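Morning, everyone. I have a few minutes on one structure. Let me put it up.

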Amino acid sequence: MTLTEPETHIVNTLQGGFPLHTRPFEQAGARLGISGPQLRDAIASLLERKVLTRFGPLFQIERMGGQFVLAALQVPEERYETVTAQVNAFDAVAHNYRREHALNMWFVLATSTPAAMQQAIAEIEQATGLPVHAFPKLEEYFVGMRFTVGGEAPVGMLEPQAGGPMTFPTDAAFALQDEDWPLIRASQAGLALDTDTPYATLAAQLGWPEQRVLQRLQQLLDAGIIRRIGVVPNHYAIGYRFNAMGVFDVDDAAIARLGPQVGALDFVTHCYRRPRDLPLWPYNLFAMCHGASRESVLEQIDQVRQLLGPDCRRHDALFSTRILKKSGLRV
């Protein structure tokens, strides 16, 4: 998709670090060499043209006491569209992709409590009549990405605002307050683009002073509950036309040593240890790779396979062929 120079600059540089300020568009626009209204109009246009999928805060559900789970279904072809609609109807489904495998529907579930996760899985099984194959995170080796217009630059980079993967201990002192949930729910779908003062709009919705909104969002950001505030590119639209979930059957005795090495590769955006689900699913190491061509992604996955050496018994590349849903967190 053809972008203007200011639009390219917005996509490349505003994936994090959007200001917590009374007039944030004006402040962010000054850094980009455009006015606040020009920035608002550009973001709105990029969202309308689906160059961006979201704009606003991105929340880390696990830091909120909740849970992310990657899940998959084996859907008969004749039922695929029906099951897609059934699965996408659940608010707990944040993302859903069709991938090349017998397990041909892969979705991310996000819930505010582990108990709600089990309920969501049970309800999806009841609605579809299909068993949900759940792959909760056992270890996180890397999460970080920055997409660059053109699709050629490495994407496995540290997050623009966080400065690195999220490594907060599970017993960290910060705790959500009851007042935080209305703030999270009011902002999880994004920030207003029809005003120069989106935080004042948010404050008015909540009945709070604007400074209270700004202060609490900053505290949530500092605690890692907000991962970053900014734009979220549609990587397909800006040149990363292919992505695959590389999956590897790694010796359990070696995965703690090898997982961080895979996560450190500059083309890997997500790297996790997840449980096997035998006999259908023998893989325990997951690494997401993106590129401008199918061949480039296969080369990346081959690099991972070479790094793992004899400790990897087998591997596969599950290319996504269709985005079924991409709404982000809803709690």
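This is a predicted model: local features need pLDDT of at least 70, side-chain atom pairs count only at pLDDT 80 or more; totals for chains, interfaces and linings use all residues.

Strand E3, residues 93–99, runs antiparallel to E11, and the two share five bridges. E11 has another partner. E8 pairs with E11, also in the antiparallel sense, over seven bridges.

Glu 81 and Arg 322 meet through their side chains, at 2.8 Å from N to O. The two ends come from distant parts of the chain, 241 residues apart. Glu 81 sits in helix H4, residues 80–88, and Arg 322 in strand E11, residues 312–326. How accessible is Glu 81? Its relative accessibility is 47%, so Glu 81 counts as partly exposed. Arg 322 is at 34%, so it is partly exposed as well.

That is one pair out of a longer list. The structure holds 18 salt bridges. Here is another.

Arg 216 bridges to Glu 179, with the closest N and O atoms 3.9 Å apart. Arg 216 lies in helix H8, residues 210–222, while Glu 179 is in the loop between strand E6 (139–143) and helix H6 (180–187). So the pair ties together parts that are 37 residues apart in sequence. Is Arg 216 buried or exposed? Buried, because its relative accessibility is 10% and the cut-off for buried is under 20%. Glu 179 is partly exposed, at 29%.

Now a third pair. Asp 252 and Arg 276 meet in a salt bridge at 2.9 Å, N to O. Both are loop residues: Asp 252 lies between strand E8 (242–250) and helix H9 (255–263), and Arg 276 between strand E9 (268–273) and strand E10 (285–291). So this bridge ties together parts 24 residues apart. Asp 252 is partly exposed at 41%. Arg 276, at 27%, is partly exposed too.

Asn 284 is found in the loop between E9 and E10. Relative accessibility is 1%, so Asn 284 counts as buried. Leaving aside residues up to four places away in sequence, its contacts include Asp 249, Asp 252, Arg 273 and Arg 276. Phe 248, Val 250, Ile 255, Tyr 272 and Arg 274 are also among the residues that Asn 284 touches.

Last stop, a pair of helices. The axes of helix H1, residues 5–13, and helix H3, residues 36–48, come within 10 Å and cross at roughly 80°. That angle falls in the 65 to 115 range, so H1 is roughly perpendicular to H3. Which residues meet? From H1, Glu 7, Ile 10 and Val 11; from H3, Leu 39, Ala 42, Ile 43, Ser 45 and Leu 46. By type, the contact has six nonpolar residues, one polar and one charged.

That's my tour. Questions, please.

Terms used:
Residues are numbered from 1 along each chain as its sequence is written. Side-chain values use heavy atoms; hydrogens and water are left out. A salt bridge is a side-chain nitrogen of Lys or Arg within 4 Å of a carboxyl oxygen of Asp or Glu. Helices (H or I, at least four residues) and strands (E, at least two) are DSSP runs, numbered from the N terminus. Buried means under 20% relative accessible area, exposed over 50%, partly exposed in between (1.4 Å probe, protein chains only). Two strands pair if DSSP finds at least two bridges between them. Axes are lines fitted to C-alpha atoms, for helices over the stretch in contact, and angles run from 0 to 180 degrees between N-to-C directions. Angles under 35 degrees count as roughly parallel, over 145 as roughly antiparallel, 65 to 115 as roughly perpendicular and the rest as oblique. Contact means heavy atoms within 4.5 Å. Ala, Val, Leu, Ile, Met, Phe, Trp, Tyr, Cys and Pro count as nonpolar, Asp, Glu, Lys and Arg as charged, and the others, Gly among them, as polar.
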